[in-house]
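Hi,

Here is the structure I promised to send over.

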Amino acid sequence: MKHKRKTRTLSPAMQLTWNIAQVLIGALILAVSFNLFLRPNGIASGGVAGVSVLVERVAGVQPAVTQWLLNIPLFIAAILILGKKFGAKSLLGSTVFPFYVLLTSHIPTPTQNPLLAAIYGGIGVGLGLAIVFRGGGSTGGLDLAAQMLHRLTGIPYNLAVVCFDGAVIIGTAIIISPEVALYALISLFVTSKTIDFAQNGLQLSKVAFIISERSEELEKLILNDLDRGLTKLKGEGGYTGQARNVIMVVVAQNEVARLKQTVAKHDPSAFVIISSTAEVLGEGFKPYQK
């Protein structure tokens with residue numbers, strides 16, 4: 001088995017300070033990306049930020065003003081419907097993000113190419129949101145609206161998010177142009193992938209299920225030679241009805257070949273299922289974060 005790693009734990013005060021810092025940093029990256037790429041190119045890729053782009057095009061209202069005007073009632077409604085604890089998580093982000101947008105509104109855009117703006121804006125927004133999420137915060141906006149819709153109607157949260165973001169994209173197609181709406185979809189896609197990458201990284205792990213008549217021998221090899229922990233499961237053959245031992249083991253990407261070679265060498269008739277897993281927390285892998 002792998003030795004346990006000593007992890008440093010922050011005091012509650014230090015942890016709170018670090019969480020606040022992450023929300024502030026993430027919101028700043030989000031605002032800068034919005035003003036550098038999305039706003040000047042009219043790319044409204046969802047959320048209150050996207051609504052503010054459309055309002056500016058129609059009425060000339062500063063995006064930060066629209067964001068505050070929308071976030072404040074949404075925040076109050078979230079406290080009433082979702083509870084004080086949930087609303088408190090959104091207070092800092094939903095307040096400071098429009099301030100950062102106002103503060104960085106005069107930064108000139110480095111590109112007028114809408115495709116480049118959609119891609120780089122999506123990356124920046126995704127990175128900023130990922131940092132805010134790691135700090136346990138939220139930038140409020142239509143995310144709160146989706147949570148409330150889910151609570152009140154039972155509509156799945158992901159579907160509610162799609163509905164609100166879809167409405168913004170449709171608004172972009174009507175108010176600006178269908179072509180810009182397509183760029184907004186690209187930006188939204190890049191944002192989601194960037195969030196996944198920032199939270200999980202490239203170190204994808206593999207989970208393997210091994211069904212073998214020589215499971216005890218394989219268990220010793222995995223524990224000692226591969227230096228990986230495992231879990232023993234009990235199964236039953238669907239056709240034969242016979243009891244089967246199932247070994248579940250999680251390995252890093254570069255350990256998959258060694259695992260397959262070990263199984264093939266000691267039990268060529270073993271049945272092995274290997275699949276990817278986005279994130280593994282615990283001893284020998286990624287430590288827990290508070």
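**Salt bridges and cores**

Searching the whole structure turns up five salt bridges. Keep in mind that this is a predicted model.

Arginine 244 is partly exposed at 26% relative accessibility, while glutamate 213 is exposed at 63%.

Another joins glutamate 219 to lysine 232, with the closest N and O atoms 3.9 Å apart. Here helix α9 is linked to strand β2, the two residues being 13 apart in the chain. Glutamate 219 is buried, with a relative accessible area of 11%, but lysine 232 is exposed at 56%.

Then there is glutamate 255 with arginine 228, at 3.0 Å. Both residues are in loops, glutamate 255 between β3 and α10 and arginine 228 between α9 and β2, and both are buried.

Now the nonpolar side. The largest core has 35 residues, with Phe34, Ile43, Phe97, Val101 and Met148 making the most contacts inside it. Helices α1 to α8 each put in at least two residues, and α1 gives the largest share, seven. Phe34 touches Val101, Pro63 and Gln67, among others. A second, separate core has 13 residues, including Ile222 and Leu259.

Last, the unreviewed UniProt entry annotates transmembrane regions, among them 20–38 and 154–174. In the model, 20–38 is 100% helix and 154–174 is 86% helix.

Cheers

Terms used. Residues are numbered from 1 along each chain as its sequence is written. This is a predicted model: local features need pLDDT of at least 70, side-chain atom pairs count only at pLDDT 80 or more; totals for chains, interfaces and linings use all residues. Side-chain values use heavy atoms; hydrogens and water are left out. UniProt positions are given in the numbering used here, feature names are shortened, and annotations may be inferred rather than shown by experiment. Helices (H or I, at least four residues) and strands (E, at least two) are DSSP runs, numbered from the N terminus. A nonpolar core is a set of buried Ala, Val, Leu, Ile, Met, Phe, Trp, Tyr and Cys residues joined through side-chain atoms within 4.5 Å. Buried means under 20% relative accessible area, exposed over 50%, partly exposed in between (1.4 Å probe, protein chains only). Contact means heavy atoms within 4.5 Å. A salt bridge is a side-chain nitrogen of Lys or Arg within 4 Å of a carboxyl oxygen of Asp or Glu. Lists of a residue's contacts leave out its neighbours within four places in sequence.
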